Amino acid sequence: MAMARDGYVVPADPSAATATTVVKKKTQPARSWILFDATGQGTILDADKHAIMHRVQIHARDLRILDPLLSYPSTILGRERAIVLNLEHIKAIITAEEVLLRDPLDENVIPVVEELQRRLPTANLIRQEQGDGNEFPGGQNDAEAGEEDESPFEFRALEVALEAICSFLAARTTELETAAYPALDELTSKISSRNLDRVRKLKSAMTRLTARVQKVRDELEQLLDDDDDMADLYLSRKLAGASSPVSGSGGAIWFPASPTIGSKISRASRASVATVRGDENDVEELEMLLEAYFMQIDSTLNKLTTLREYIDDTEDYINIQVVILTSVVCASLFIVIMSYARHKGLVGS
């Protein structure tokens, strides 16, 4: 494929990606990105930061947020033509037509790559690619096809990222719970240096994980609290508004209403956004999407809070046991000393 202004594009094949990385390392540090278009097709994009900035029209300070060598908090930023998304290992730039995802060969990012390939194409596009057939991949029929997500491209990509990070953090929390609760119970039954050290390490892991979950929750809460920030994420609407004439009576309708937002939202809730208004300040669809994952990440945080309380209760119990044991030892020692003193005639009987 010819050299393009935005960088060199090669097929999204793992072996091809590896070869590209090896060649790239000889000249400059590798910049591994995968690009998805509206069909869900992915290609490895080997480009420097200037090519990326030009392609998606963002500033260097926005691109720095996605630098894996720099530590930035969880961030979802709306720009004029892009969404800059930094959620743990998921670092992406979303436009109204494509997604650029960083480090696609990372073991935690591979499931996101697969889900983007599956979820980005719309139901109508899948039908066209299959020659208007009745069968969908996985044996879905026409009735099920009607339930396919028809949200704007940027919302489908954003939902994949949110679902992936919420599921990832929930899985890490479950793993921690599975290890922590038995360790705490064992400590209460037998106080030993081994059990104390084990619980100490689990408590440190819980503190770090809680901070990570809290950052994602705070970012979603901040977005939900600001309609202007949510409006900035409507890339398709802004793009349509920039390219379509606007009548004096109001803004043009920019895309069909989405019959589905995601698996986490009930059909009754979806029905409330069945009619799309031309109001550029209408953020109801995105608000519902964010609320669904806010509730999921908040539930994960509640589990960690419950675990912390259990750890605190266990520590209180251990401290009480230590105080009691110390008091018994001191009393026993006092009795021994007094007995010895009386035996030697140092004190009266």
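Helices (H or I, at least four residues) and strands (E, at least two) are DSSP runs, numbered from the N terminus. The model is predicted: local features need pLDDT of at least 70, side-chain atom pairs count only at pLDDT 80 or more, and totals for chains, interfaces and linings use all residues. Residues are numbered from 1 along each chain as its sequence is written, and side-chain values use heavy atoms, with hydrogens and water left out.

Helix α2 spans residues 49-56, and its buried residues are A51, I52, M53 and V56. Buried means under 20% relative accessible area, exposed over 50%, and partly exposed in between (1.4 Å probe, protein chains only). At the start of α2, a side-chain oxygen of D48 comes to within 3.2 Å of the backbone nitrogen of H50. Just after α2, Q57 adopts a positive phi of about 60 degrees.

Two aromatic pairs were found in a search of the whole structure. Rings of Phe, Tyr and Trp (its six-membered ring) pair if their centres lie within 6.5 Å; planes under 30 degrees apart count as stacked, over 60 as edge-to-face and the rest as tilted. F155 and Y234 form an edge-to-face pair, 4.9 Å centre to centre with 85 degrees between the planes. F155 lies in helix α7 (residues 153-189) and Y234 in the loop between α9 (227-231) and α10 (235-243), so the pair ties together parts 79 residues apart in sequence. Both F155 and Y234 are buried. Y181 and Y310 are also paired edge-to-face, at 5.0 Å centre to centre and 75 degrees between the planes. Y181 belongs to α7 and Y310 to helix α12 (residues 284-343), so this pair ties together parts 129 residues apart in sequence. Y181 is partly exposed, at 23% relative accessible area. Y310 is partly exposed, at 31%.

D218 is found in helix α8 (residues 193-224). Its relative accessibility of 34% makes D218 partly exposed. The C-alpha atoms of D218 and F294 are separated by 9.1 Å, although the two residues are 76 apart along the chain.

On the surface, L69, L70 and Y72 form a nonpolar patch with about 330 Å² of accessible area together. L70 sits in the loop between α3 (60-64) and β4 (75-78). L70 is partly exposed, with a relative accessible area of 39%.

Definitions and conventions
Patch = residues over 30% accessible without salt bridge, like charges linked within 9 Å, V, L, I, M, F, W, Y side chains within 5 Å. Areas by Shrake-Rupley, 256 points an atom, 1.4 Å probe, with all protein chains shown as cover. Salt bridge = Lys/Arg side-chain N within 4 Å of Asp/Glu carboxyl O. Polar contact = N/O pair within 3.5 Å; in protein donor to acceptor, adjacent residues only side chain to side chain.
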